[in-house]
Amino acid sequence: MPTVHLVISGKVQGVFFRATAKDVADEIGVTGWVKNTEEGDVEIKATGDHDQLQKLVDWCKIGPQRAIVTNITITNVDEERFKNFHVIRRH
């Protein structure tokens with residue numbers, strides 16, 4: 001199964017991007033994780049079939065209602081297997 005690494009830029013923190021991304025990922029059936037970066041972006045690594053990943057990418061281009069996505073970087077990476085999709089929170 002393909003794995004992608006996404007970096008989403010814009011007004012993407014403080015708008016429930018991570019929580020909504022988890023809901024979308026669970027609904028689509030992809031596994032992986034989402035987290036905020038120190039630079040103010042949101043980072044996602046996800047594994048699924050091509051159609052599932054395309055649906056996730058399409059959603060990330062818009063994000064939740066209050067988000068303003070200005071850029072998304074998509075990188076294909078070596079396959080990783082995850083048990084589920086989870087939110088990584090900074091401590």
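Me: Leaving aside neighbours within four places in sequence, which residues is Ile44 in contact with?

Reply: Ile44 is in contact with Val4, His5, Leu6, Ile8, Ala21, Trp33, Val34, Leu56, Cys60 and Phe85. Contact means heavy atoms within 4.5 Å. A word on the source: this is a predicted model, where local features need pLDDT of at least 70 and side-chain atom pairs count only at pLDDT 80 or more, while totals for chains, interfaces and linings use all residues. Residues are numbered from 1 along each chain as its sequence is written, and side-chain values use heavy atoms, with hydrogens and water left out.

Me: Why is Ile44 called buried?

Reply: Its relative accessible area is 0%. Buried means under 20%, exposed over 50%, and partly exposed in between (1.4 Å probe, protein chains only). So Ile44 counts as buried. It lies in strand β3. Strands are DSSP runs of E with at least two residues, helices are runs of H or I with at least four, and both are numbered from the N terminus.

Me: How far apart are Ile44 and Val12 in sequence and in space?

Reply: They are 32 residues apart in sequence and 12 Å apart in space, C-alpha to C-alpha.

Me: What makes up the largest nonpolar core?

Reply: It has 24 residues. A nonpolar core is a set of buried Ala, Val, Leu, Ile, Met, Phe, Trp, Tyr and Cys residues joined through side-chain atoms within 4.5 Å. Those with the most contacts inside it are Leu6, Ile8, Phe17, Val30, Ile44, Leu56 and Cys60. The elements giving two or more residues to this core are β1 (3-11), α1, β3, α2 and β5 (85-88).

Me: Why is α1 described as roughly antiparallel to α2?

Reply: Helix α1 (residues 17-28) and helix α2 (residues 50-60) pack at an angle of about 155°, with their axes 10 Å apart. Axes are lines fitted to C-alpha atoms, for helices over the stretch in contact, and angles run from 0 to 180 degrees between N-to-C directions. Under 35 degrees is roughly parallel, over 145 roughly antiparallel, 65 to 115 roughly perpendicular, and the rest oblique. The angle of about 155° therefore makes α1 roughly antiparallel to α2.

Me: Which residues make the contact of α1 with α2?

Reply: From α1 come Phe17, Thr20, Ala21, Val24 and Ile28. From α2 come Gln52, Lys55, Leu56, Trp59 and Cys60.

Me: Why is Lys35 called partly exposed?

Reply: Its relative accessible area is 27%, so Lys35 falls in the in-between class. Lys35 sits in strand β2. Beyond four places in sequence, Lys35 is in contact with Arg18, Asp41, Val42, Glu43 and Ile88. The C-alpha atoms of Lys35 and Ile88 are separated by 5.0 Å, though the two are 53 residues apart along the chain.

Me: Is Asn36 buried or exposed, and how do you know?

Reply: Asn36 has a relative accessible area of 15%, so it is buried. Asn36 also lies in strand β2.

Me: What makes Thr37 count as buried?

Reply: Its relative accessibility is 9%, so Thr37 counts as buried. Thr37 is in the loop between β2 (31-36) and β3 (42-47). Not counting residues up to four places away in sequence, Thr37 touches Gln13, Glu43 and Arg90.

Me: Why is Phe16 called exposed?

Reply: Its relative accessible area is 59%, so Phe16 is exposed. Phe16 is found in the loop between β1 and α1.

Me: What is phi of Phe16 near?

Reply: It is near 65°, a positive value in a residue other than glycine. Most residues other than glycine have a negative phi.
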